[in-house]
Structures are given as C-alpha cells and as structure tokens.
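This report describes the fold of one protein chain for a reader who is new to structural analysis. Please keep the structure in view while reading.

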Amino acid sequence: MRGIVAAASSAHGRQKPTLQKSGSISVRGADKILIPADNHLHTKLCGHAAGEIDEYLDRAAALGIREVGFADHFPLYFLPPDKMIPDYAMDESKLPAYVNMVKENAAVSPINVKLGIEADFVPGHEEELERLLAPYQFDFITGSVHFIDGWGFDNSAELEGYSSRNIDGIYERYFFLLQQAALTGLFDIMAHPDLVKKFNFRPACDLRPLYEETARAFKRAGVCVEVNTAGLRYPAKEVYPGPELLEVFHRHGLPVTIGSDAHRPEDVGFGLIEAVKLIRNIGYREIATFSGRKIKYIKI
Ligand SMILES: [Zn+2]
Ligand SMILES: [Zn+2]
C-alpha cells in the first residue's frame with residue numbers, strides 16, 4: 001500500500017485462466033468465476049493514490065464488479081501535529097470531504113458503493129479513534145496495523161528497520177498488535193492480516209501457534225478478515241493472508257471479504273479472481289460485505 005511501487009502482477013493458479021472482458025474467467029473444469037466485490041479502494045485524498053473516484057467506479061463497472069467499498073486511510077490521529085507524515089493518510093480536515101465524495105458517487109453509480117474507512121490501530125489511542133470515528137455513518141471500518149511501536153514497517157522508506165530488528169520478534173509483535181486491534185471492538189474487518197511479510201522478510205520460527213492465537217482472538221472479537229491482493233504487487237508475491245493463515249481462519253469459522261487495495265483506477269479488481277479461487281479452494285462458499293456496519297454475504 002504505502003510507497004506505490006508498480007510491479008507486474010503474478011497469477012499463481014495451476015491452470016492458466018483466460019481473462020474475459022466481463023471480469024469473469026473460464027477455467028477448464030470449473031465454473032465461471034466473477035469478482036463479486038472489491039472492498040478496499042483508496043482515493044487521492046490520502047495523498048498517495050492517483051485518479052478520480054469516477055475512474056475507479058468506471059473500472060469496477062468494466063470488470064462487472066457489482067459492489068465496491070472505499071476504505072481510504074483515516075487521518076493519523078495518534079501522531080502529534082508536528083510529527084505528521086505527509087502523504088501517508090488524509091488530513092483530518094479532508095475527512096468530511098471524503099465522506100461526501102463517496103456518498104455523492106454512491107447516489108449516482110450503477111454499482112453498489114459502500115463507505116468504509118481504513119484506520120490504523122495504535123495501542124493507547126483507542127478512545128481517541130472511537131471519538132473521531134463516531135460522527136460518521138460508515139458502512140464498515142477496516143482496522144490495520146501499519147506501525148510496530150512507531151516503526152512504519154510497510155513503508156519502503158523505513159526498510160532499514162528490518163536490519164536492526166529480529167525478524168521472528170517483528171512477526172510476534174505484529175500479530176500481537178493485530179489481535180489487540182481486533183479485540184478493541186472498533187473494527188468490522190481486519191485488513192491484510194499478514195502485511196508484515198510485504199517485503200518478504202520471512203521468520204525462522206513456526207508461525208502456526210501465532211496463527212491459531214490470532215484466529216482465536218479474531219473469533220472472540222467477531223471480526224471479518226480481508227483477503228487483500230496488494231501482496232501480489234510487492235516482494236511477498238502472495239495475497240494477505242497467505243493460504244496457510246487463511247486455512248486457519250476458515251477452520252475457526254471467520255468470515256472473509258476481498259479487496260484489491262487499489263491506489264489507482266487500473267488496480268481495481270486486481271488479483272481478485274485468483275483470490276476468489278483461493279478462498280473457494282480453502283472451503284469458503286461466500287464472502288462478506290457490509291452495509292451500515294452489518295455483515296451480509298455474497299455466494300461465490
Ligand atoms: Zn495507501
Ligand atoms: Zn493498509
């Protein structure tokens with residue numbers, strides 16, 4: 001997500017699918033797969049995305065996507081004004097404009113357009129976040145961990161942080177924060193739940209106990225997990241969460257939604273056909289979307 005790096009997409013299906021104009025694919029021996037929704041789109045208001053909102057919606061319409069959710073970056077409420085990171089998230093003053101822009105477009109779009117927001121979790125700032133979110137009628141609130149104790153670990157400008165830390169420790173801390181985020185009860189969806197692998201620094205430790213613990217916390221919190229295809233655009237070359245973690249989430253009965261994390265119109269729907277295939281292979285038969293913070297399901 002941060003530090004937009006345009007990279008070639010990777011299709012990692014076993015059978016090469018044929019992409020059709022409608023956004024559906026034909027795979028020999030399988031049913032036609034459609035992109036049911038894209039629940040993670042950004043807008044230029046965050047400062048690091050490109051294109052106009054109607055270009056995102058036109059792209060979704062061209063792909064035959066019936067529902068989209070905008071989930072732009074909530075202001076960095078946890079930083080003091082003099083420590084703000086420019087172009088990292090929308091400025092607090094832009095939040096009403098964001099809400100209005102999405103609502104106005106939703107009113108005229110042939111696509112079902114949902115108003116979401118992607119908010120960072122930073123421990124100790126929960127009440128502030130709750131207070132700042134309260135005035136708005138979001139369809140869903142997506143919770144993200146992009147910072148580990150002040151370090152923007154998914155920011156390409158802060159890559160040196162990986163060389164001064166223990167990789168296993170980074171993963172442990174990341175999943176701990178993710179669990180804490182879910183347990184605040186502030187979020188409907190947990191975004192890209194293994195974002196920590198973005199730059200492909202992989203741990204030596206066995207991640208399964210952490211995966212189980214995270215799934216248990218998510219279940220207790222009643223959150224939905226996002227299958228986010230942005231990981232295919234970065235060195236990890238894998239969706240977030242990867243198949244092993246997604247299987248654990250499925251076994252714990254957690255609902256899933258899907259999102260491209262598009263920061264430019266051409267990335268709307270990116271990789272979502274592969275994501276739906278993966279989700280089906282794991283055993284899911286529906287994905288979740290949200291209206292007025294209530295979950296509903298679309299068959300896949
Ligand atoms: Zn972003
Ligand atoms: Zn994110």
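## Report on the chain

Just after helix α4, G185 takes a positive phi of about 75 degrees. Helices and strands here are DSSP runs, numbered from the N terminus: helices are H or I runs of at least four residues, and strands are E runs of at least two.

The model is predicted, so local features need pLDDT of at least 70 and side-chain atom pairs count only at pLDDT 80 or more, while totals for chains, interfaces and linings use all residues. Residues are numbered from 1 along each chain as its sequence is written, and chains are lettered from A and ligands numbered from 1 in the order in which they are written.

**The chain as a whole.** The secondary structure comes to seven helices and eleven strands. Of the 300 residues of the chain, 45% count as buried. A residue is buried if 20 or more other C-beta atoms lie within 10 Å of its own, exposed if 12 or fewer, and partly exposed in between, with C-beta atoms placed from the backbone. Two residues are in contact if their C-beta atoms, placed from the backbone, lie within 7 Å. Among contacts with a separation of 6 or more, 76% are accounted for by residues 24 or more positions apart.

**The sheet.** Seven strands form an open sheet in the order β3-β4-β5-β6-β7-β8-β9, with parallel pairing. Its edge strands are β3 (37–41) and β9 (256–259), each of which pairs on one side only. Two strands pair if DSSP finds at least two bridges between them.

| Strands | Bridges | Opposite residues |
|---|---|---|
| β3 and β4 | three bridges | L41 and F70 |
| β4 and β5 | seven bridges | V68 and V113 |
| β5 and β6 | five bridges | D120 and S144 |

A crossover is right-handed if, with the strands pointing away from the viewer, the path from the first strand over the helix to the second runs clockwise. Right-handed units are also made by β3, helix α1 (residues 53–62) and β4, and by β4, helix α2 (residues 95–108) and β5.

Six of the seven residues of β4 are buried, so this strand is largely enclosed by the rest of the structure. In β6, five of its five residues are buried. F140, T142 and S144 point one way from β6, whereas I141 and G143 point the other way.

Helix α4 (residues 167–183) has 17 residues and reaches 25 Å from its first C-alpha to its last, close to the 24 Å expected. The expected span is 1.5 Å times one less than the number of residues. Its buried residues are Y171, Y174, F175, L178, Q179, A181 and A182. They cover an arc of only 160 degrees around the axis, which puts them on the same side of α4. That arc is taken from the directions from the helix axis to the C-beta atoms. What covers these buried residues includes β6 (140–144), β7 (189–190) and α5 (208–221).

The largest nonpolar core has 81 residues, and those with the most contacts inside it are M190 and V256. Such a core is a set of buried Ala, Val, Leu, Ile, Met, Phe, Trp, Tyr and Cys residues joined through C-beta atoms within 7 Å. Not counting residues up to four places away in sequence, M190 touches several residues, including L178, A181 and A182.
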